Amino acid sequence: MGKTTQFRTYTVRDGLLDEWVDRWRREIVPLRLAMGFDIGGAWVDRDRSQFLWFISYEGPESFARRNAEYWASPVREAMNLDPDDYLLRTEERTVEEEY
């Protein structure tokens with residue numbers, strides 16, 4: 001399969017942005033990397049309480065299949081991290097690199 005990249009925007013519940021970023025960095029990023037994903041960067045928009053990041057996967061499986069494996073993994077389950085506890089809204093865009 002070819003490389004797939006998603007640009008994700010999360011609107012975070014009031015007062016939880018820093019906690020979300022900390023948990024994302026400590027728990028989500030290491031597992032995503034271990035499962036073959038690349039993180040292209042992450043940003044915080046404090047005025048909008050938003051967290052924005054790029055995630056890519058290029059491997060023998062589709063992005064969707066590998067993402068499903070991530071969510072089903074015992075390590076992910078052990079995080080006891082429900083995104084709904086932190087996120088009001090999520091937006092995922094599949095994008096193509098031009099430059």
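Y10 and W20 are both buried. They belong to a predicted model, and the structure holds 13 aromatic pairs.

**Pair Y10–W20**
- Y10 and W20 pair edge-to-face. Their ring centres are 5.9 Å apart, with 70 degrees between the planes.
- This pair links distant parts of the chain. Y10 sits in strand 1, while W20 sits in helix 1, which covers residues 17-34.
- The two residues are 10 apart in the chain.

**Aromatic cluster**
- Y10 and W20 are also members of one aromatic cluster.

**Pair F7–F54**
- The ring centres of F7 and F54 lie 4.7 Å apart. Their planes meet at 45 degrees, so the pair is tilted.
- This pair, too, links distant parts of the chain. F7 is in strand 1 (residues 4-12) and F54 is in strand 3 (residues 50-57).
- The separation between F7 and F54 is 47 residues.
- F54 counts as partly exposed, because its relative accessibility is 28%.

**Arginine over rings**
- R32 lies over the face of F37. The distance to the F37 ring centre is 4.7 Å.
- The charged end of R32 also sits over the ring of Y70. Here the distance to the ring centre is 3.6 Å.

Definitions and conventions. Residues are numbered from 1 along each chain as its sequence is written. This is a predicted model: local features need pLDDT of at least 70, side-chain atom pairs count only at pLDDT 80 or more; totals for chains, interfaces and linings use all residues. Side-chain values use heavy atoms; hydrogens and water are left out. Rings of Phe, Tyr and Trp (its six-membered ring) pair if their centres lie within 6.5 Å; planes under 30 degrees apart count as stacked, over 60 as edge-to-face and the rest as tilted. Helices (H or I, at least four residues) and strands (E, at least two) are DSSP runs, numbered from the N terminus. Buried means under 20% relative accessible area, exposed over 50%, partly exposed in between (1.4 Å probe, protein chains only). A charge sits over a ring if NZ of Lys or CZ of Arg is within 6 Å of the ring centre and within 35 degrees of the ring normal.
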